[in-house]
Amino acid sequence: MRRYLDLLRQRDFALLWGGATISAVGDGMSFVALLWLLIERGGTAADVGWLAAINTAPVIIGGLATGVILDAFDPRRVLAADNALRGLAVASVPIASALGVLTTAHLFVVAGIYGLLFMTSAAGIPSLITRLIRRDDLTTANAMESLSFSLSGLIGPGVAGLLIAVVGAPFVIAIDSLTYFVFVGCLLAMREGGRGGDAVEHGADGAAADGTAPSTAAPDTAAAGVPATSRGLGPAIRFIFSAPAIVAITLFYMSVNIAGGIVTVVIPLYVRDVLHAGPETFGLLLSVLTAGDLAGLLVVGAVNWRWPLGRSIAWALFTSGLVLLLWLLQPPVIVLCAILFVWGSLSSSLTPWAQTIRMRLIPPEMRGRVFALLRTSMQSTRPIGAVAAGLLLSQGDLSIAIVAMALLFAVPGFIGIWHPALGRGPTADPERA
């Protein structure tokens with residue numbers, strides 16, 4: 001645990017990670033409470049589906065503007081303003097409930113505001129990490145960011161369920177609103193990470209400060225004294241397409257997120273139709289999957305990885321696909337738990353490795369825009385998987401959906417193993433991964 005403890009001893013990083021984790025756990029609680037409030041108000045299954053869609057769909061719109069704002073202003077203050085606005089929006093629900101004026105439309109508006117502003121933190125946090133952390137610690141820091149989301153999925157819904165039964169959904173949402181302001185306080189208490197700070201430095205020629213990882217940014221992104229922050233999304237888009245490793249990894253993750261959308265539909269139907277079990281088994285499988293994610297992240301963050309990161313991502317994808325194929329054997333619960341745990345452990349390593357690659361390649365002056373564009377594009381593919389799962393399962397055969405999930409992991413992984421932009425062995429330069 002030394003690598004984790006060393007990072008947490010850095011005051012500003014500890015404030016950033018602690019505040020973000022508290023806020024993420026609050027979000028995990030709040031979404032469950034919003035859904036339950038909608039159901040209590042007589043919401044139909046279609047209403048629940050629309051609320052889930054509205055909670056995520058505006059990410060595409062918000063993501064396009066977020067990056068430009070993050071690059072133009074102090075990202076700490078942008079994040080603080082974002083969390084303050086979302087905190088006020090979420091707080092309006094328990095306030096309206098207490099006053100007896102809460103409507104179903106109000107719940108949809110709050111979900112929409114959350115989705116519209118979500119990408120500010122999703123892109124802003126990695127932008128801040130690059131300003132606080134040395135190059136050698138990036139993978140550990142990125143693993144810790146992923147741990148925040150895993151802890152949110154592990155703790156938030158369960159705690160929310162217990163609290164809703166005792167004190168009601170509006171109180172749970174009020175707790176989430178407070179977590180936003182805790183994060184705001186942590187951000188404002190940081191001493192570094194503004195426009196002037198940059199721990200992962202690049203020289204004028206685009207090379208990293210230690211002479212490795214030359215940036216593949218388009219040559220006109222910092223022309224003649226014109227700051228890149230004033231030039232919109234064009235330079236960021238050109239940079240993305242000029243970096244083969246980033247393009248490849250982004251396409252891989254879009255494929256993985258489609259598979260993730262299929263998984264969210266397959267697991268509950270498998271529990272009902274194959275295992276003939278109830279919600280407790282469904283909850284068990286989700287918990288085991290999350291536990292596998294946490295285990296994989298802890299290992300990735302603790303190990304000083306020497307293999308090319310891009311090639312490691314490819315092998316992890318390929319192996320994950322092979323593990324998923326074991327699901328076709330229709331195993332009993334205990335064996336399926338083992339499959340999901342191993343799959344979660346393997347697939348969780350992908351995010352910190354990919355994030356480290358991006359941080360080492362993206363020029364400092366456009367990190368906000370590039371992170372926002374990349375994360376927006378990847379987030380947008382998960383709903384495709386959910387729709388595809390509905391079509392694949394229309395005949396009631398889960399096997400086709402399981403094969404599709406496995407291929408969405410294994411095929412990109414196999415391509416990545418041979419992709420020239422992703423490294424060629426244990427002695428290859430991992431910065432070019």
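Analyst: The protein has an accessible surface of about 18100 Å², with carbon and sulfur atoms making up 71% of that (Shrake-Rupley method, 1.4 Å probe; for residues, only the protein chains shown count as cover). Bear in mind that this is a predicted model, where local features need pLDDT of at least 70 and side-chain atom pairs count only at pLDDT 80 or more, while totals for chains, interfaces and linings use all residues. Residues are numbered from 1 along each chain as its sequence is written, and side-chain values use heavy atoms, leaving out hydrogens and water.

The protein has 17 helices and zero strands (DSSP runs numbered from the N terminus: H or I over at least four residues for helices, E over at least two for strands). Among its 433 residues, 54% count as buried (under 20% relative accessible area; exposed is over 50%, partly exposed in between; 1.4 Å probe, protein chains only). Taking contacts with a separation of 6 or more, 84% of them join residues 24 or more positions apart (contact means heavy atoms within 4.5 Å).

Gln-330 isn't a glycine, yet its phi is positive, about 50 degrees. Its relative accessible area of 48% makes Gln-330 partly exposed.

Next come α13 itself, residues 333-348, and α14, residues 350-361, with axes that come within 5 Å and cross at roughly 5 degrees (axes are lines fitted to C-alpha atoms, for helices over the stretch in contact, and angles run from 0 to 180 degrees between N-to-C directions). So α13 and α14 are roughly parallel (under 35 degrees; over 145 is roughly antiparallel, 65 to 115 roughly perpendicular, the rest oblique). On the α13 side, the contact uses Leu-346, Ser-347 and Ser-348, which meet Leu-350, Thr-351 and Pro-352 of α14. That contact divides into three nonpolar, three polar and no charged residues (nonpolar: Ala, Val, Leu, Ile, Met, Phe, Trp, Tyr, Cys and Pro; charged: Asp, Glu, Lys and Arg; polar: the others, Gly among them).

Phe-181 is partly exposed at 35% relative accessible area. Setting aside neighbours within four places in sequence, Phe-181 is in contact with Ala-84, Gly-87 and Leu-88. The C-alpha atoms of Phe-181 and Leu-85 are 9.6 Å apart, with 96 residues separating the two along the chain.
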